[in-house]
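Please read them beside the model.

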Amino acid sequence: MASSAHPAHTLAVWYQKHQRRLPWRQTRDPYAIWVSETMLQQTRVDTVRLYYPAFLQRFPTVQHLAAASETEVLKAWEGLGYYRRARHLHAAARQVVACHHGCIPADPVQFRALPGVGPYTAGAVMSIAFDLPVPAVDGNVLRVTARWLGLAETAASPRLRRQAEALAAAWLREVRPSLLTQALMELGATVCTPRQPRCSECPLRPGCQAAAAGRAEAFPLPVAPRVRPHVWVGALWIETPLGVVVQRRPERGLLARLWQLPNIEGEPDEVPDARRRFDLLQTLWQQVWGAGCVPQPADWDCCAADRHEFTHRTWTVEVYRCSRQESLACLDPDKYEVYPRDCLTELTWPRVYQRLLAQLLRL
Ligand code: SF4
């Protein structure tokens with residue numbers, strides 16, 4: 001077969017003509033590419049487009065990122081969600097400065113040893129920034145592979161992943177790695193989409209098994225939808241002359257170390273009725289203020305509400321004000337802080353609390 005007819009070549013030619021102009025494609029700086037690939041995991045391109053330039057302006061080099069405090073990094077990341085990525089990126093930047101003289105290692109083994117760097121990120125940065133033939137297999141590449149080979153596997157199947165890595169490795173030998181990696185991702189994102197793939201416009205159409213069978217959308221096989229428990233969360237908006245009562249989330253786990261309002265959760269999938277909600281709020285009130293006179297149902301007023309879907313659960317957060325006033329002297333300083341109302345947005349909040357704050361600060 002003539003080299004020009006190899007599907008990898010056809011794909012690369014298509015990419016050079018049809019690629020979207022994205023800010024992270026205007027650079028070969030491995031740090032900037034690493035930041036973009038980290039942001040793009042589990043976050044849509046349109047959202048990353050909004051945050052990426054500001055993040056790089058704030059931390060233009062790996063040295064700037066390493067020198068920043070975690071609070072500064074999380075604040076710059078606010079709105080992108082999945083804050084573990086930011087913490088890992090920050091820790092990895094510090095390691096690059098401490099152990100690699102501030103240079104991103106152009107070696108997949110060394111790069112993968114950094115915190116938070118998995119096989120996909122390593123493949124993307126090594127191939128796009130350094131033109132090394134390291135496969136980068138994300139959901140887009142899995143889908144294109146399943147369809148190209150007509151593989152009846154789910155996207156979670158280890159066999160499909162192995163096939164995708166083998167396909168990418170073979171095609172990386174044909175075309176400059178930076179081109180091939182981005183072309184495969186772009187094809188999956190814009191043409192070989194999960195629904196209604198545009199096979200008639202696809203450069204891989206001539207050799208594609210799924211398209212030949214007229215069953216492109218059937219691959220990869222669907223997975224059973226994840227059961228996502230719904231959790232009711234009752235939070236307190238307590239304004240005092242000195243500010244609003246806030247607390248930090250625990251050191252580990254979901255949204256670790258971000259700020260929130262004092263809150264209490266119902267049982268998974270429980271839909272608490274009015275009586276149960278007030279019982280939970282009274283329990284929370286006692287946790288915040290200790291023993292004392294607890295408010296009655298008539299004292300509570302729901303002043304803001306929002307819903308947030310995580311990958312593994314859904315929260316409905318309702319924020320309540322209480323007309324009762326207590327003495328700040330009862331607050332446990334290890335658990336709660338009072339923060340000036342005008343400065344609340346300086347803290348780093350989970351997205352659902354950002355939206356709630358927008359409502360609450362209008363009160
Ligand atoms: S021909 Fe269709 S199914 Fe095959 S890779 Fe292209 S868009 Fe995907």
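1. Arg257 and Glu70 form a salt bridge through their side chains, at 2.7 Å from N to O. The term covers a side-chain nitrogen of Lys or Arg within 4 Å of a carboxyl oxygen of Asp or Glu. Between domain 1 and domain 2 the count is 1 salt bridge.

2. The model is predicted: local features need pLDDT of at least 70, side-chain atom pairs count only at pLDDT 80 or more, and totals for chains, interfaces and linings use all residues. Numbering runs from 1 along each chain as its sequence is written, and side-chain values use heavy atoms, with hydrogens and water left out.

3. Domain 1 spans 3-218 and domain 2 spans 230-360, with bounds from an automatic or database domain assignment. Their C-alpha centres are 38 Å apart. To the contact (heavy atoms within 4.5 Å), domain 1 gives 11 residues and domain 2 gives 14 residues.

4. About 950 Å² is buried between domain 1 and domain 2, with 42% from carbon and sulfur atoms. This is accessible area (1.4 Å probe) that two parts lose on being put together, summed over both. On the domain 1 side, Lys75, Tyr83 and Arg87 lose the most area to domain 2, together 44% of what that side buries.

5. Around the ligand (a heavy atom within 4 Å) are Arg147, Cys192, Cys199, Cys202, Arg205, Cys208, Ala211 and Ala216.
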